[in-house]
Amino acid sequence: MGLCLWPYWQLRGQLSKLLATIAAESPGLSLSLPLMAQLRRGIRGLYQRQQDLAVDLQTWQTMLQAAPIAALRVDGDDVLVWCNASACEIFGLQQWQPGRGRLLLEVVRSYDLDHLVQRTRTKQQLCRRHWRFFPVLLADEYGAIAEPNAAKETVAGIPLVGLGCPLADGGVAVFVENREEIETDRRNRDRWTNDLAHELRTPLTSIQLTVEMLQRRLEPPARDWVDRVVPEVERLVSFVQDWLELGLSLIHICRCRRIERCRS
């Protein structure tokens with residue numbers, strides 16, 4: 001009888017260990033019920049939790065798919081697992097499909113992006129990198145192609161800033177922002193500021209010369225009115241000149257910062 005009951009008690013012990021593991025993940029599981037009832041409830045709870053996690057995963061993927069910045073997920077073997085529509089648009093991955101098991105460098109021809117991934121995985125912390133991405137002009141079997149109207153961007157490069165986030169499974173999540181519109185707006189703003197300063201300096205210089213000439217030719221009391229205007233004109237001319245010098249200094253500082261970011 002002992003030999004017959006031994007498998008029963010061994011199976012019961014294994015079920016108890018399994019139920020203890022399930023109970024740790026299912027706090028609402030009652031241990032006062034019979035083993036089979038606990039097992040059925042535990043399996044039902046785990047199945048429901050799996051369904052909830054699948055819904056949450058689909059929700060997050062939908063949100064990331066519609067995000068205005070590029071999002072990529074690379075596993076521990078440097079294989080591109082997933083990317084959203086913005087990443088396909090920036091890097092020209094029109095023919096890429098999930099599940100193909102291609103290395104990141106095979107899909108996206110960017111050593112800067114790969115360096116960001118490797119640095120994030122090594123340091124196990126958030127890492128940031130600025131670089132310029134030059135799309136590939138000719139399509140290849142991995143889908144890394146450039147848009148037909150991207151000739152200008154290909155020559156100048158697309159300014160990008162990437163943020164790498166380490167994952168628990170050894171993978172890396174990368175978020176990339178296209179800075180082309182921001183740089184274009186900044187260049188337009190600087191151009192508008194310089195043009196406005198030049199447009200103001202020309203008539204102010206003419207006014208200053210006219211006022212100085214009147215100051216020499218007029219006699220009091222008419223010259224008293226001109227004497228009041230001369231300091232104001234000089235102040236405006238000095239203000240416009242400082243405006244121009246400040247604009248040139250900001251342009252130089254921005255260029256130096258971009259060079260330092262690319263080197264880093």
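Tutor: A nonpolar core is a set of buried Ala, Val, Leu, Ile, Met, Phe, Trp, Tyr and Cys residues joined through side-chain atoms within 4.5 Å. The model discussed here is predicted. In the largest such core, which has 25 residues, Phe91, Leu93 and Val176 touch the most other members. The elements that give two or more residues to this core include strands S1 (70-74), S2 (80-83), S4 (158-166) and S5 (172-178). Helices H4 (104-107) and H5 (111-123) also belong to that list, as do H3 and S3. H3 gives the most, with 4 residues. A second, separate core has 6 residues, among them Ala197, Leu204, Val233 and Val237.

A search of the whole structure finds 1 aromatic pair. The ring centres of Phe91 and Phe133 lie 5.1 Å apart and their planes stand at 80°, so the pair is edge-to-face; the angle required for that class is over 60 degrees. Because Phe91 lies in helix H3 (residues 85-91) and Phe133 in strand S3 (residues 127-133), the pair ties together parts that are 42 residues apart in sequence. Phe91 and Phe133 are both buried.

As for the setting, the protein chain has 8 helices and 5 strands, and of its 264 residues, 30% count as buried. Among contacts between residues at least 6 apart in sequence, 51% join residues at least 24 apart. The chain exposes about 17,900 Å², of which carbon and sulfur atoms supply 59%.

Definitions and conventions. Residues numbered from 1 in each chain as written. Predicted model: local features only at pLDDT ≥ 70, side-chain atom pairs only at ≥ 80, totals over all residues. Heavy atoms only, no water. Buried < 20%, exposed > 50% of the residue type's maximum accessible area, 1.4 Å probe, protein only. Contact = heavy atoms within 4.5 Å. Areas by Shrake-Rupley, 256 points an atom, 1.4 Å probe, with all protein chains shown as cover. Phe/Tyr/Trp six-rings, centres within 6.5 Å; stacked < 30°, edge-to-face > 60°.
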